[in-house]
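Trainee: Let's walk through this one together. I'll ask as I go.

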Amino acid sequence: MRKLLMCMCILCLGYAASDDLKIAVGAGYKKPVLEVLKAYEQTHQGQKIEAMYGNMAQIFAHAKQMEITLVIADKKFLEKQKELSFVNYEKIGEGIAVIAYAKGVSFNHIEDLKNEQIKTIAMPEAKKAIYGDAGIEFLNTTKLYESLKDKLIVVSTVPQVSSYVNTHEVDVGIMNLTAALDSIDKLGGYIKIPQEYYTPIEIVAGSLKACESDKICQEFIAFLKTPKAKEIFVKYGL
């Protein structure tokens with residue numbers, strides 16, 4: 001009888017876990033989303049949301065292999081991919097691209113990227129992260145790419161860029177304001193890239209078909225519209 005009860009408990013736990021809402025999130029938005037999830041679960045007792053974080057390629061792979069109902073990322077990337085069909089987009093905020101510089105680095109203007117003391121510039125890969133796309137657009141628009149291409153170090157995600165700048169493995173990095181604010185005590189500082197140099201970045205929660213019939217998914221989307229959620233996203237530069 002004891003073994004039977006244990007098996008029933010395990011089955012119940014497995015069933016409960018399978019009922020958890022699963023979402024995918026762009027790696028650069030992990031901190032604000034974690035805080036939003038914590039706030040949501042405090043007001044929705046018993047509801048759990050399982051979040052997976054990564055670059056766009058990783059997110060799409062997760063969404064195809066698992067029961068993902070919601071993706072939080074850049075709207076342009078979600079719209080142009082062909083692997084998933086989104087039925088609705090809930091706007092979360094605007095993404096802001098910045099140039100962050102390591103401690104001990106003198107940096108005041110985008111033209112300083114050409115200075116000899118700036119030897120390395122990290123940025124995320126354009127095909128995998130929207131801020132890599134924005135970075136390339138910025139460098140091409142300002143006609144800086146040719147003079148800087150030998151300084152560029154391309155990595156997979158924004159958090160990798162942030163880590164490289166924080167530890168001064170590179171002199172500067174192109175990332176989003178959210179990442180810069182998250183590690184501001186480890187940086188020398190940052191400057192915003194003027195908006196006219198790259199296409200506006202709209203951060204959204206994209207709903208997949210499964211979300212329409214999922215009560216928790218609908219409740220979470222409603223929570224994203226609340227002042228509490230908006231306050232958290234604004235705090236992180238969105």
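Trainee: Start with a detail: which residue in β10 is the bridge partner of aspartate 74?

Mentor: Isoleucine 203 is the bridge partner of aspartate 74 in that strand. Keep in mind that this is a predicted model, in which local features need pLDDT of at least 70 and side-chain atom pairs count only at pLDDT 80 or more, while totals for chains, interfaces and linings use all residues. Residues are numbered from 1 along each chain as its sequence is written, and side-chain values use heavy atoms, with hydrogens and water left out.

Trainee: And how do strands β3 and β10 pair?

Mentor: They pair in the antiparallel sense over five bridges, with β3 covering residues 70-74 and β10 covering 201-208. Two strands pair if DSSP finds at least two bridges between them. Another position in this pairing is isoleucine 72, which stands opposite alanine 205 in β10.

Trainee: What stands opposite isoleucine 72 of β3 on the other pairing?

Mentor: Valine 25 does. The pairing of β1 with β3 is in the parallel sense, over three bridges.

Trainee: How many of the residues of β3 are buried?

Mentor: Five of five, and the strand is mostly covered. Buried is under 20% relative accessible area, exposed is over 50%, and partly exposed is in between (1.4 Å probe, protein chains only).

Trainee: What is the strand order in the sheet with β3?

Mentor: The order is β2-β1-β3-β10-β4, an open sheet of five strands with mixed pairing. At its edges are β2 (49-54) and β4 (86-95), each pairing on one side only. Neighbouring strands are turned by 20 degrees against each other on average, direction ignored. Angles here run from 0 to 180 degrees between N-to-C directions, using lines fitted to C-alpha atoms, for helices over the stretch in contact.

Trainee: Which helix lies across β1, β2 and β3?

Mentor: Helix α2 (residues 30-43) does, running at about 180 degrees to β2, and β1 spans 21-26.

Trainee: In what sense do β6 and β8 pair?

Mentor: In the parallel sense, over two bridges, with β6 at residues 121-124 and β8 at 172-176. Isoleucine 121 has valine 172 of β8 as its bridge partner.

Trainee: Changing topic: which cysteines form a disulfide?

Mentor: Cysteine 211 and cysteine 217, whose sulfur atoms are 2.0 Å apart. The rule is a pair of cysteine sulfur atoms within 2.5 Å, and the count by that rule is one disulfide.

Trainee: What handedness does the disulfide have, and why?

Mentor: The torsion about the S-S bond of cysteine 211 and cysteine 217 is about -95 degrees, so the disulfide is left-handed. Both cysteine 211 and cysteine 217 are buried.

Trainee: Last, the whole chain. How many helices and strands does it have?

Mentor: Ten helices and ten strands. These are DSSP runs numbered from the N terminus: helices are H or I with at least four residues, strands E with at least two. The chain has 238 residues, of which 47% count as buried.

Trainee: What share of the contacts with a separation of 6 or more is between residues 24 or more positions apart?

Mentor: 77% of them in the protein chain. The C-alpha atoms fill a box of roughly 75 × 35 × 35 Å, taken along the principal axes.

Terms used
Contact = heavy atoms within 4.5 Å.
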